[in-house]
Amino acid sequence: MSKYSVIGTRVHRVDGPEKVTGSAKYTFDLTLPNMLYGKILRSPHPHAKILNIDTSKAEKLIGLKAIVTGKDTIGKKQGIWRRFPELCDEEILCRTKVRYIGDPVAAVAAIDEATAEEALDLIEVEYELLPAVFNPLEAITEEAPQIHEGVELNLNVNRHIEWGNVDDAWKDCDHVREDQFVCSSQAHMCMETHCALASFDYNNKLTVWTSTQSAYYIQALLADMLGIREGDIRVINPYTGGGFGSKFELDSAQFCAALLSQKIRRPVKIVLSREEEFTATKRRTPMYYFLKLGAKKDGTLLAKEVRVITEGGAYTGMGATALYLTGFFSSFPYKYPNYRYDGYRVYTNTEPTSAMRGFGAPQSTFVGESQLDMMAEELGIDPIEIRRKNGMTPNYVVPGQAFIQSCGLHECLDKIEEHIKQRGKLPPNHGIGIASYGFMSGGIFNWFDTSYAFSSAIIRINIDGKVDLFTGANEIGQGSNTTLSMICAEELGVKLDDIRIHSADTGICPADLGAWGSRETLMNGNAVKMAAADAKRQIMEFAAAKLGGNITYDMDIKDRWIHFVDRPERGISYFDVVKEAIRGKDGEVIIGRGHYTPHRKGMISPAYSFGVQAAEVAVDPETGKYKLVNVTTAHESGTVINPVGIEGQLEGAIMMAGGYGYCEDQPMDEGKILNPSIADYKLIRSLDMPETKILEIDTYEPEGPFGAKEAGEGLTNPTAGAIANAVYKAVGVRINTLPITPEKVFSALREKEAKKKKK
Amino acid sequence: MKKELKLTVNGQPYELYVDPKTLLVEALRNLLGLTGTKRGCNCSSCGACTVILNGMAVKSCSILAVQTNGAEVLTVEGLANGAELSPLQKAFLDHGSFQCGFCTPGMLMATTALLAENPKPTKEQIKEGIDGNICRCTGYNSIIRAVTAVVKGEYKEEK
Amino acid sequence: MIKDFKYFAPKTLKEALTLLDKYQDECKVIAGGQSLLVLMKQGLVAPEYLIDIKGLTELNYIKSDAKGLRIGALTTHRAIEKSAVIKRKCSVLAEMEQRLASIQTRNWGTIGGNICHGEPAGDPVPVLIALNATLSLASVKGKRNMAVEDFSLDYFETALEHNELLTEIQVPAAPPHTGTAYTKFNVIESDLATVGVAVSITLRSGDGVCQDVRIALGASAPTPMRAKQAEAVVKGKKITDNLLKEAGEIASTEAEPISDIYASAEYRRELMKVLVSRVGKEALARAKQA
């Protein structure tokens, strides 16, 4: 019998009816009277100086209403790492130089899309081509062309994490391995492309409806880039068709639409085409990994050394965070007495790389779990056993980095071990590979340099007991609107139906950093819980007075019934008390306020979720093709607030993470992405999707609301590693580069055969 | 030169004049204001624009509106009967078969067409039925569970 | 974005052919548009005149008699996939259609449109080649017939003249003891073929020796092609696994696959070897049952 009324129950998403009836209006669907359609002209060259932009022909086009170039901006560079100005390196609308194929150079607004496109064709841009560099291993040399002024060796960011003494530890190891891996890029492929509808009115106020993961970031960054006050900008996230890390930075659709609207004082809508989405937004950071691992013969891991070079692309974006996190999560989820990480993010003349679900951890988990299996085989130890021996436990401290409170990793290992045993003997050419992971519940480091609390919420209780919840949290499909409404209802003691959530509208909601790094449930959940508790306290004051119980009696609200905890039949309806509470406060509405910022929780995150995934593959050794048969995940994410939501996140993550392992890639030639269409970008569809099973482990995270922590991103981490290990188990070949394509498996099998023949 | 187009959408007859290059999805979204049907690509691959045309699931971004003269079109807006949702819509709600919701109208139309043609599909046939639709959020299995529940008769439509 | 065009929707075949003869290479024909509209949306094709033949119901049929099957060019992929008569008389066609793109595409796209598009990785043409199918092409000047295997000339180029329309596909009735099979290799199930192979085997009554064999490859050259040298190795012999393996190896040398982002030419050759063996085995099994 659950002690909770709302959380933990299976509910319909609060935005469900709108979505299943097609009534939900995304930015993609919105129009305003007098609206113009905008389009962006982009550089066809990977690296060039802009000598001149001649817009005169385009200006004469009938129906063309406004054109902007870099000259129309205030000349600022922006970046999401505002704390470090040198990392704010992106003009968006380029003034003097372009740094990748797709870098914007001009934008137009016209009466219809066809005219806007025609206008783009009429703009003449004179470029002076510069030598370009595409591979970070080449870009980090003296001979490489310099992409950003003053940045030697194109070294964008470097990070170092260390504890213990790795150099000393090797001699104590019985086995040391060195391995290299290459992690590929990946496109977010949100179903709704980046889009914005900007309306700069005659009061000099800007309203922007946009598909985004952080209405607040867009508001703040637009303020920076337009030179106007945040308070004069209102950013609204109506419904958003997916984010996955692609939509919390200021993008070209938002900036150009705002700039155009500012110039012409009419609403301007820009929707990026799917091709622009693939080539001119941001993508997962490709990484070159060098790992050294040392262990004792009983499987105890003694030392790990990690060196990573990442392909930064043309601008920093969130790449600095991915660089740090990949190094941090390379130490997950095991206890290393000695650890060292050196990461280098290098500019290249390619599409910028930034944040994508998992944030550097899918890469670190793929390489780490692959190497760990290789070490286990060398030592003759079972893969589960070696993970058990070294796995993190509750209340573990990652030296100098993080405090781990709840941790259900070992229970997850047990469940997966059981699952594999139950599966029994596998058919030929089948293999089960496992991977363990841990992930954060939101980040601590304030790289955005905000002075706001990281999450805030306001609750207003109306005379009829209906609750308005105002939060800056962004619903992007991950279910935050539902989860936060559930937390609110539970804390307040009412039903989910009583809550009406207003989210991600900077005009009416308090700031929240956004939906990234898996932060909404824990961070915003805590803010919502605090606000609900605040409102509840105000109601309870009146209830206590009304009921006149013994001062030692506890009171609570549950299912709209305010009652004595020990005598639940003695109470009063929540609705009645609300009326009296408002009257009693001179008619003042009941407002509850809450906020949350992690304090003294280490460098990375206030809480971490853990899990173990087992992937079963069936390989066709004659062709190298393999089928993803089954992916079973044991995971723990503290108290489960929204079970339907978590299941959805988990299964969906497998589609994305499985794709990262199996087929998704963005091959390039001289900086040009070769497959910028859904027909050519391979991803998992329903016929390719494996059977999925979820094994839930019960844990409780003290830091989270009702004990909850993240469940959106961590699940993207293990699948590529599990697949790599599964393919090895099935047919004995190890692929250390992503994606693990049938051709790679085939070639490896041929090589293995050839080696056997030689012997 | 614009062409006359007479078609029925969600049971409602319309008389339109359209530029022949107008795609069916553009006619539905821009001329009739039915924005439930979405567009997610420019190469007829994502399925977000799926509607039912004369009983068949089709990609409305890959059909000229003028080719639908005299036809009957069903979009996501036509699934519910007033406030009464269709069995599939209810099943989607119960099973959490959507997250961001952008692919959902297309998924609902593809599955509605599937069940209209074959009320008792196997699991493999259900997968095939939605293979033309990409979902980046759910991993498809919750959609398959929802359809299976409808097939099993868990959502008998009230007449 | 689609560029403007003048639009015609002829009501009869004769009307359509007259228009084609008038506008020749200035016009394009649209049937289901599942291939053409993609090109037009991306601005790669921009005809001045568009002749819409989707409404020509006279070209939408599946007929069967003792001589074989006659399929109207405007028959949809889905109709072929679901046709009871095709499942009974030529199941490989239904099987091929079932793996073609998605149901949505198959509901509106036509087999004629697919053949005329000339996609080297397409599914129908290799199967039709293996089935020894023929095509009827009509113009104001009259009608002519052509073997499917002669129809594809180059990458997206066919023998269809500017004033011609494909009207019908004829699949001759299979001789006794004939089996035909098709498969394609792809990474994602609904994708175009990385390599596609169709094999038809006819066995001689009595001794089970291979009387006739047709091996057609898709996505292995600028056009779908017959691997004639591979066929020569099999014809007239008793088919064994080793013989099929040999045929596959020869077929892979006859082919001219490209290296692209999906697969290298070498890998495509290896896939051909495997698929010719596998599809050959399947065709043989069907021939024995027939």
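This briefing covers the interface of chain A and chain B and the interface of the two domains of chain B. The model is predicted. Chain A and chain B bury about 3800 Å² between them, and domain 1 and domain 2 of chain B bury about 1100 Å² between them.

**Chain A and chain B**

- In this interface, 48 residues of chain A are in contact with 48 residues of chain B.
- Of the area buried between chain A and chain B, 57% is on carbon and sulfur atoms.
- Five salt bridges are found across the interface of chain A and chain B.
- D29(A) and K38(B) form a salt bridge, with their closest N and O atoms 2.6 Å apart.
- Between chain A and chain B, 28 residue pairs are in polar contact, both residues at pLDDT 80 or more.
- On the side of chain A that touches chain B, the elements giving two or more residues are α1 (16-20), α16 (643-662) and β32 (691-696) of chain A.
- The largest share of that side, seven residues, comes from α16(A).
- The side of chain A that touches chain B has 22 nonpolar, 16 polar and 10 charged residues.

**Domains of chain B**

- Chain B is assigned domain 1 (3-78) and domain 2 (87-151), and their C-alpha centres lie 21 Å apart.
- Contact between them involves 14 residues of domain 1 of chain B and 12 residues of domain 2 of chain B.
- Carbon and sulfur atoms carry 69% of the area buried between these domains.
- K38(B), T50(B) and V76(B) supply 39% of the area that domain 1 of chain B buries against domain 2 of chain B, more than any other three residues.
- Between the two domains of chain B there are zero salt bridges and two residue pairs in polar contact, both residues at pLDDT 80 or more.
- Strand β3 (residues 50-53) of chain B gives the most to the side of domain 1 of chain B that touches domain 2 of chain B, with three residues.

Notes. Residues are numbered from 1 along each chain as its sequence is written. Chains are lettered from A and ligands numbered from 1 in the order in which they are written. This is a predicted model: local features need pLDDT of at least 70, side-chain atom pairs count only at pLDDT 80 or more; totals for chains, interfaces and linings use all residues. Side-chain values use heavy atoms; hydrogens and water are left out. Contact means heavy atoms within 4.5 Å. Buried area is the accessible area (1.4 Å probe) that two parts lose on being put together, summed over both. A salt bridge is a side-chain nitrogen of Lys or Arg within 4 Å of a carboxyl oxygen of Asp or Glu. A polar contact is a pair of N or O atoms within 3.5 Å; within protein, one must be able to donate a hydrogen and the other to accept it, and residues adjacent in sequence count only if both atoms are side-chain atoms. Helices (H or I, at least four residues) and strands (E, at least two) are DSSP runs, numbered from the N terminus. Ala, Val, Leu, Ile, Met, Phe, Trp, Tyr, Cys and Pro count as nonpolar, Asp, Glu, Lys and Arg as charged, and the others, Gly among them, as polar. Domain bounds come from an automatic or database domain assignment.
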